[in-house]
Amino acid sequence: MSAPSLTLADPAIGSFTPELFAAHLASVSHLPAWWLDRKREAWARFLALPLPKRTDESWRFATLTGLKLDGYTLPPAVTPAGLGHAPIGIAKAGKLVFANNRLVAQEPISAELTKQGVIFETLQHALLKHGDLVKAHLLAQPPKQGSEKFSALHTALLADGAFVYLPKGVEIALPLAVFHYAAGAGAAVFPHTLVIAEPGTKATVVDFFRSAGDGAHFACGRNDLYASHGAALTYVAAQNWSRATLSFQSNSTVARRDARVLALNLHLGGRQSRHESHSQLQAPGAHSEMLALTVAHGTQEFDQRTLQIHQAPHTSSNLLYKNALLGSAKTIFSGLIVVDPDAQKTDAYQSNRNLMLSDDAEANSLPGLEIQANDVRCTHGATSSRIDAEQEFYLQARGIPKADADELLTFGFFEEVLSKLDHAPLHDALIGLIKIKFNPPV
Amino acid sequence: MSQLEIKDLHVSIGEKQIVKGLSLTVRSGEVHAIMGPNGTGKSTLAKAVAGHPSYTITSGDVLLDGKSVLPMQPDERARAGLFLAFQYPSEIPGVSIANFLRAAVQARLGEGEELDATGYYKRLYSKMDLLQIDRKFTSRAINDGFSGGEKKRCEILQMAMLEPKFALMDETDSGLDIDALRIVADGVNALRSTNLGVLMITHYQRLLGYIVPDHVHVMWDGRIVKSGDKSLALELEAKGYDWVKNELIPA
């Protein structure tokens with residue numbers, strides 16, 4: 001009797017086999033050759049790089065056993081009707097809806113904006129129509145916070161995403177909204193949003209990450225923001241994958257002279273979610289506002305790593321990451337402020353605040369500074385606290401039941417971050433998403 | 001006609017006994033003042049009646065219309081009709097006064113009953129006008145960065161909106177300049193009615209010049225040692241707390 005033949009999958013690639021890559025490459029063969037070459041290079045990097053190891057400082061505290069790459073597939077196309085798309089109830093300047101790595105619905109920007117030269121299109125469209133512009137910015141900022149392997153996988157398998165281009169001086173009052181869906185069991189998605197803001201522009205871009213259904217999905221996304229001289233860019237990402245999803249998301253921000261970028265990440269979904277964000281302040285007057293809110297429930301794990309890199313004098317950055325932890329959830333915050341030798345007069349702030357709503361939850365904080373200039377102001381801090389008993393009593397003394405009082409206080413804790421958004425409907429829409437997490441519909 | 005009855009109340013913080021057998025009855029329409037020096041247990045009395053978890057009632061009872069409030073949570077006591085105006089109101093960043101008061105009003109509605117938002121704001125604005133509070137006030141976070149006067153006016157606004165049967169006012173005059181004191185006192189006087197009983201706790205006679213009490217009690221070392229009408233406050237002001245110590249305390 002012969003032993004059954006077994007093919008053991010390589011855990012370092014899991015489902016992401018050479019056959020899968022070849023099939024993907026064939027599906028995008030109409031795209032420019034330089035891009036296909038970059039995808040092949042990225043694929044080779046993905047194969048060569050190991051999975052994170054216990055000894056990797058950049059993965060400290062993370063649950064590495066949760067990073068298994070098998071059980072996923074490049075999912076088939078779905079129709080918008082199958083998504084159960086829930087509107088967010090805010091007026092938008094334009095909308096793109098992606099599902100399973102393909103565009104499934106679109107509300108184009110106005111003819112007026114198009115006439116001004118604004119581009120709000122798919123990445124594939126941009127690769128074919130605005131190749132040079134895309135080439136200069138697409139994945140131009142290499143990852144440096146530990147997710148190099150997953151970033152390589154993203155580049156290799158990225159099929160489509162959102163491309164936003166704001167020509168000089170254009171201001172758009174309403175947000176541009178991008179929805180990224182994963183649908184079907186084992187769906188692997190590679191969401192991508194690239195925003196290029198030319199001098200003197202002003203706009204708000206919002207990414208919504210969602211699962212159709214509660215299947216186990218694999219999300220490996222990137223969003224890159226480039227803010228030229230005097231641009232004022234607001235970027236919001238609302239992550240609400242299914243509770244069974246493994247998510248990697250990487251953000252880069254480049255701020256040029258007098259540019260102001262505000263990026264707010266709301267983390268709600270996922271089984272295990274890794275988020276890396278790095279801001280580069282490249283010229284005097286550049287400012288980066290790095291904000292995040294996390295509601296960690298049940299056994300969820302949220303792992304957030306940040307870099308504030310000051311490369312020029314008179315630059316500023318302000319980071320505020322707030323986590324509310326329930327159940328036996330786990331959060332990790334690891335942040336680093338880097339000030340280059342000639343970045344004098346840097347003003348950098350980094351703060352991680354954890355609200356412990358359960359005794360079984362675990363919040364890990366690793367704030368850090370690396371300063372090579374001598375005339376700077378850099379501060380950092382991390383705190384973990386419970387609901388304040390005096391505040392709770394104060395609300396109860398007005399007749400508000402304890403559970404409702406705690407909810408009010410928790411939303412009060414979030415408001416310090418949310419109030420930085422100067423777009424009231426968007427602010428309220430994010431509160432709406434958080435409320436659903438606290439009080440899921442029956 | 002309602003009645004708040006404090007019966008032989010003993011309160012401790014940890015092992016330390018603070019209130020040592022205090023009895024007092026307040027009826028609707030009456031204003032009682034409790035006067036006494038610092039550390040005599042006045043604030044402890046107010047917080048214990050409101051249900052603060054740090055204070056333990058070791059014996060005695062607090063009855064609201066004959067029913068003990070001691071088994072009730074602080075929020076249940078509030079909904080039953082008790083209101084504590086805090087000496088040091090909590091600052092709560094991120095929670096707007098409008099949202100907070102709406103939650104408090106909502107909590108008083110029955111199961112499935114919806115708050116009438118239009119009526120709520122109409123009532124809120126009329127109470128704010130009464131207390132000379134700017135409309136923009138409601139979008140501010142509770143007491144966050146408020147002056148002493150704003151905090152106390154905010155307390156009175158809450159009292160006006162929640163229409164308690166009994167208000168325990170803990171050192172409402174502390175930290176107020178004379179103008180703020182007058183506004184707060186005018187507010188309380190405007191709320192005085194046959195439906196409201198007030199227990200005012202104060203260190204100084206000053207407040208009682210603006211809110212004239214029906215009854216005055218002198219508290220010393222956890223007990224009431226003398227009760228009288230409003231003239232007792234003036235007598236106390238004239239003779240000082242040494243008089244209490246030397247003549248009212250049984251040796």
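The model is a predicted one.

Chain A brings 17 residues to the contact, and chain B brings 31 residues. Together the two chains bury about 1,800 Å² between them, with carbon and sulfur atoms giving 66% of that area. Three residues stand out on the side of chain A: Phe393(A), Tyr394(A) and Arg398(A) supply 43% of the area that chain A buries against chain B, more than any other three residues. Arg398(A) also takes part in a salt bridge with Glu155(B), where the closest N and O atoms are 2.7 Å apart. The interface of chain A and chain B holds 1 salt bridge by the rule applied, and 12 residue pairs are in polar contact between the two chains, both residues being at pLDDT 80 or more. On the side of chain A that touches chain B, the elements giving two or more residues are α7 (389-396) and α8 (402-418). The residues of that side comprise 9 nonpolar, 4 polar and 4 charged.

Attention now turns to helix α1 of chain A, which spans residues 18-27 and has Leu20(A), Phe21(A), His24(A) and Leu25(A) buried. Viewed down the axis of α1(A), the buried residues fall within an arc of 135°, so they line one face of the helix. Glu19(A), Ala23(A) and Ala26(A), on the other side of α1(A), are exposed. The cover over the buried residues of α1(A) includes α2 (33-48) and α6 (148-157) of chain A.

Over all chains, the count of salt bridges comes to 29. One of them joins the side chains of Arg274(A) and Glu276(A), at 2.9 Å from N to O, and both of these residues are buried. Arg274(A) and Glu276(A) are also linked with Asp303(A) and Arg305(A) in a network of salt bridges.

Another salt bridge pairs Lys322(A) with Glu416(A), the closest N and O atoms being 2.6 Å apart. Lys322(A) lies in strand β16 (residues 316-325) and Glu416(A) in helix α8, both of chain A, so the pair ties together parts that are 94 residues apart in sequence. Lys322(A) counts as buried, at 5% relative accessibility, whereas Glu416(A), at 40%, counts as partly exposed.

A further pair is Lys345(A) and Asp375(A), whose closest N and O atoms are 2.8 Å apart in a salt bridge. Lys345(A) is partly exposed, with a relative accessible area of 45%, and Asp375(A) is partly exposed at 34% relative accessibility.

Conventions
Residues numbered from 1 in each chain as written. Chains lettered and ligands numbered in written order. Predicted model: local features only at pLDDT ≥ 70, side-chain atom pairs only at ≥ 80, totals over all residues. Heavy atoms only, no water. Contact = heavy atoms within 4.5 Å. Buried area = accessible area lost by both parts, 1.4 Å probe. Salt bridge = Lys/Arg side-chain N within 4 Å of Asp/Glu carboxyl O. Polar contact = N/O pair within 3.5 Å; in protein donor to acceptor, adjacent residues only side chain to side chain. Helix = DSSP H or I, 4+ residues; strand = E, 2+ residues; numbered from the N terminus. Nonpolar A, V, L, I, M, F, W, Y, C, P; charged D, E, K, R; others polar. Buried < 20%, exposed > 50% of the residue type's maximum accessible area, 1.4 Å probe, protein only. Arc of directions from axis to C-beta.
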